[in-house]
Amino acid sequence: VPTVEGLAERPEFERLADAFTRHAALQCGFCTPGMLLTVAALLETGELTSVEEVKRGLAGNLCRCTGYRGILEAVCELAEVTA
Amino acid sequence: VSRIEEVQVSAGAVGQSVPRRDADEKLRGKAQFAGDILVPRMLHGKVLRSPYPNARITSIDTTDAEKMPGVVCVLTAADLADLDPYWGHAIRDRPVVAIDRVRFAGEPVAAVAAEDEATAVAVASSSAATAATGSPANRTRSIATTGRSRMA
């Protein structure tokens, strides 16, 4: 089972970590592993082609502290779609 | 103008976007949360909660639970006799554990402390302990009868 610890060892992780840090896409950190694994998988399949797809892709991951805005911005940047 | 500039310089982070200091450890799954922390000889607590939204507590028998290996104590309302058991964010109207009756599903009825988590879970989820919450009350007039003021 892939975990965030495993994901963090892969070279492509640094791009994700950088985007999440710059966009303040985490606060307490509780949802962060799930967000990162979801985003990594969706970036790999290439289905994040619009903001709506990004929102749909993240919809199952609940965050109760950042308000999603930073996460959305970080993921849109990673997927190269306009937030 | 010079005074404002001076403040900005001395405040450092003010007016700038600063990365979280704990971002990296949280992003890499290395952050320690409360549930990750283990200290020598720590006990594990679990709470037995009411399955009923409104019920009388007719009896709670903790003797079998207390006899289980690894169990340190089982606490119920009977243990609150010599202290003020009420708390609440706006109004102190919630007992630490239910006293005589439960007023919502999920209200704490008893708490167990054990030397390991598995034992604490076993006690808190045992059917014998659950049965002690008794049958649902027929009428839902219990809250008003306490005479405690509530927020509108």
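I began with a definition: a patch here consists of residues with over 30% relative accessible area and no salt bridge, with like charges joined within 9 Å. The model I examined is predicted.

Entry on the negative patch. I looked up which residues form a negative surface patch and found B:Asp61, B:Asp64, B:Glu66, B:Asp79 and B:Asp82. I then located B:Asp82 in the loop of chain B that runs between strand S3 (71–75) and strand S4 (86–87). Its relative accessibility is 71%, so I recorded B:Asp82 as exposed.

Entry on salt bridges. I noted a count of 12 salt bridges over all chains. I turned to chain A for particular cases.

Entry on A:Arg10. I found the side chain of A:Arg10 in a salt bridge with that of A:Glu12, at 2.9 Å from N to O. A:Arg10 is partly exposed at 35% relative accessibility, and A:Glu12 is partly exposed at 40%. I also noted that a network of salt bridges links A:Arg10, A:Glu12 and A:Glu44.

Entry on helix H4 of chain A. I looked at helix H4 (residues 51–58), where A:Glu52 and A:Lys55 lie three residues apart, about one turn of the helix. Their side chains meet in a salt bridge of 4.0 Å, N to O. I recorded A:Glu52 as partly exposed, at 49%, and A:Lys55 as partly exposed, at 42%.

In helix H4 I also examined A:Arg56 and A:Glu53, which are three residues apart and therefore separated by about one helical turn. Their salt bridge spans 3.2 Å, N to O. A:Arg56 counts as exposed at 57%, whereas A:Glu53 counts as partly exposed at 24%.

Definitions and conventions. Residues numbered from 1 in each chain as written. Chains lettered and ligands numbered in written order. Predicted model: local features only at pLDDT ≥ 70, side-chain atom pairs only at ≥ 80, totals over all residues. Heavy atoms only, no water. Patch = residues over 30% accessible without salt bridge, like charges linked within 9 Å, V, L, I, M, F, W, Y side chains within 5 Å. Areas by Shrake-Rupley, 256 points an atom, 1.4 Å probe, with all protein chains shown as cover. Lys, Arg positive; Asp, Glu negative; His and termini not counted. Charge placed at Lys NZ, Arg CZ, Asp CG, Glu CD. Helix = DSSP H or I, 4+ residues; strand = E, 2+ residues; numbered from the N terminus. Buried < 20%, exposed > 50% of the residue type's maximum accessible area, 1.4 Å probe, protein only.
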